[in-house]
2 protein chains.
Amino acid sequence: MSDNNDFVKDITNIDENFAQWYTDIVIKAELADYADTKGCIAIKPYGYAIWECIQAYTDKKFKEVGVENVYFPVLIPESLLQKEKDHVEGFAPEVAWVTEAGGEKLDERLCIRPTSETIISTMYAKWLNSWRDLPFVYNQWCNVLRWEKETRPFLRSREFLWQEGHTIHETAKEAMDRTMQMLDIYSDVAENLLAIPVIKGVKTESEKFAGADSTYTIESMMHDGRALQTATSHYFGQNFTKPFEIKFQNREGKEEYAYQTSWGSSTRLIGGLIMSHGDNRGLKLPPNVAPIQIVIVPIAQHKEGILKKAEELKDRLSNIFRVKVDDRDKYSPGYKFNYWEMKGVPLRLEIGPRDIENNQCVAVRRDNQEKINISLDNIENEISKILSNIQKNMFEMCKKRLEEKTNDATNMNEFKSIMEKNQGFINAMWCGKKECEEKIKELTGAKSRCIPFEQKAISNKCVCCGKKADKMVIWARQY
Amino acid sequence: MSDNNDFVKDITNIDENFAQWYTDIVIKAELADYADTKGCIAIKPYGYAIWECIQAYTDKKFKEVGVENVYFPVLIPESLLQKEKDHVEGFAPEVAWVTEAGGEKLDERLCIRPTSETIISTMYAKWLNSWRDLPFVYNQWCNVLRWEKETRPFLRSREFLWQEGHTIHETAKEAMDRTMQMLDIYSDVAENLLAIPVIKGVKTESEKFAGADSTYTIESMMHDGRALQTATSHYFGQNFTKPFEIKFQNREGKEEYAYQTSWGSSTRLIGGLIMSHGDNRGLKLPPNVAPIQIVIVPIAQHKEGILKKAEELKDRLSNIFRVKVDDRDKYSPGYKFNYWEMKGVPLRLEIGPRDIENNQCVAVRRDNQEKINISLDNIENEISKILSNIQKNMFEMCKKRLEEKTNDATNMNEFKSIMEKNQGFINAMWCGKKECEEKIKELTGAKSRCIPFEQKAISNKCVCCGKKADKMVIWARQY
């Protein structure tokens, strides 16, 4: 921990160099650190506590809709990975291979899972007999590995933590309903837990998951106007169930291949949190996902009774909120204010001799720096209200940015000029051709994010080639 | 799912072939299945739900004593593994190596963590500056890999799930206190959650963890009298902090190496649960760790009002207990009784037309098959009492077995004859020499389990060589 009182000086300005600002926050807010294993990070207690909040919320939502947790092996024999053509093409280039173990060369290479469709499908084939066994609605919380060339903490680590749900169903409709249901849960997590507004839509053919029939996504906008693919839900149809022979006796007594889905969200969400809400004072956490919601900073803590009062207040509030007292005697209150602002704690309570005299404390909001005097008599209710208000305000601030940085374009000149002046999301019509997608990317750096469910008729011509187009696509530069 | 009504016939008799009985239970109770990755298993929803119960209980206890969760990379560069001599000797033979990734040969091999002392120590060295930063009390829930030659589901899988805690401290005493504190938590988990009585002690030199100064263990006895090392807590002293240069400025302003511990428990506990409590009817779960504590089986469920009543009862009980109604119309009540006994559900409630008339239901205990009529008026209290009683009774049954199958031996003839007649634990004096330990193993198959904290003066001579001995050791064949 640095002795420097001025944390703000230590961070790169958010609008000057956003990438460096991001790295500074990850390190200074003690979320994670670079590990000795190249491209990998060590997630520190404060970063992991955020992940635990996300896990707890998500897992509860999953269980409410019948998801059961399981665990499948981290190592996948090469022959399994090979079974679905698109899948192996998509993932083989970025896997890590185990070739030696227990002092011997292996007969067959084993890859560390980049995702688990193949190993899980193999087991499903073994377990499924009759329509009565269906559906399987299983999920696992685990680590995965993708050998990325360029890495960034949380956003693109070679190893990351995630959950991957894998389901099989009796009918295509049921599988599609599940795909959508899980997308809705991700949207709930993003908006209500993380205070990040999202846009729901379907990926274009070239952006979908390797092996999927269709990929649904929630897309969000970061501080700098770039997009983050926040979570995805895939409908596979029978793409995997055929090569993996996941079949069952249907209600008519005939053999049929099951219909499959998968859906995932990862520690990337922590990257999204940082880049959605942070500012020049540091991280800014929405109360619902903050490991510490309230930090109590005693003023003049050497004076009699102050620390005791701070502890009493903590005990009282701990029944409802996640609270910490910073009673370190090495640091001044001013240092502590900066320290906890850097860590993104939503609300600070200051309590000193004069506050105690007046039976009050001073609350300072992290989201807008507002100071509020609160009577100790009814403090629980007051704080509940303030925290809900912070949560709501943080969502609204992101929503406002999303709206301000979203523009329509009807031709490539418009497109380019918007992207240069106000990097953000662009709504534009698309003819459906891969060539136009590629050209747009080449000219502007923007990729198709999704064909949003909420369509708008901007024109009837492709923004790129000018030919007939009936789909509005959202485009953006991405993380 | 099998249509066979007679589950019991499908299981090998527990006293005829315990090893096969064990495998039968793992498969038939749907805890896990063999995966396509050799030596690895897929943990099914029911098995994983048990693990989630264990995790929740353990993690809560950890957090009460200040443990914080973190996550470190699964891949460890070979050079790190090499840093502590004993450690690398102990683990290198059973690791799996990643040698290719992202389409290229790697310059340095990366091993999949068999345990994380080395990678974590490297980061601790980076993070530690002053005594004010101490202690670090971090834990991770993760997967590890050890390339075992012979594997058994849960007991010895190449990949398994566990938690590993890693701490560093200012003083040796503080580190040793932490080592013991965590051993006490493991003992709490084993005895109060899993209803498995344990013996606490210290491992002999030859049985301790590779690189540890001393290893503390909780040992339990399985149905067949063999021992299971249930969890371990290691005191490292400065064995790792010196080679890894984990040093800090102490209160006198001098540089000093920190004192370290690590402690772990794994999905092996599920194996212990099966082998401690199971019988010829199947798995038997203590209520505190049972994913389903109560199964309600409607009798004559086609009759009007029966299923409704069963659901009502479930809703009422679900506020307090983990409850399921088995309303499958394909199966008879008799089939369901067997099915849920196989799954080890602690309490079955039968509710049929006559029960409803009498405002009661019939409760059947899994631990002793006792049938009890319970009035619906006060059923919550009655069931609470019954479940506590089952939990207690299951612990007592194991305790009784542990006592009955523990014997003293003063010479090798006694030792051998006891081990042949009544395989179990043997208390015997030991001179402290490795040669005697090896000879005992050679002659009887029994290894030293621990030098228990509770010593008993059996004699003053080593059971093997007859020379002076002041330590009583517990010996047993092991899993």
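In what order do the strands of the open five-stranded sheet of chain B follow one another? Here are some notes to read alongside the model.

1. This is a predicted model, in which local features need pLDDT of at least 70 and side-chain atom pairs count only at pLDDT 80 or more, while totals for chains, interfaces and linings use all residues. Residues are numbered from 1 along each chain as its sequence is written, and chains are lettered from A and ligands numbered from 1 in the order in which they are written.

2. To the opening question: the order is β16-β15-β17-β18-β19 (chain B), with mixed pairing. Strands are DSSP runs of E, at least two residues, and helices are runs of H or I, at least four, numbered from the N terminus; two strands pair if DSSP finds at least two bridges between them. Because β16 (323-325) and β19 (371-375) of chain B each have a single partner strand, one side of each has no neighbour in the sheet.

3. Strand β18 (residues 360-365) of chain B runs antiparallel to β19(B), joined by five bridges. Within β19(B), B:N373 is opposite B:V362.

4. Now the contact between the chains: 45 residues of chain A and 45 residues of chain B take part (contact means C-beta atoms, placed from the backbone, within 7 Å). On the side of chain A that touches chain B, strand β5 (residues 96-101) of chain A gives the largest share, six residues.

5. β5(A) also pairs with strand β5 (residues 96-101) of chain B, antiparallel and over five bridges. There, A:A96 has B:A101 as its bridge partner.

Notes
Two residues are in contact if their C-beta atoms, placed from the backbone, lie within 7 Å.
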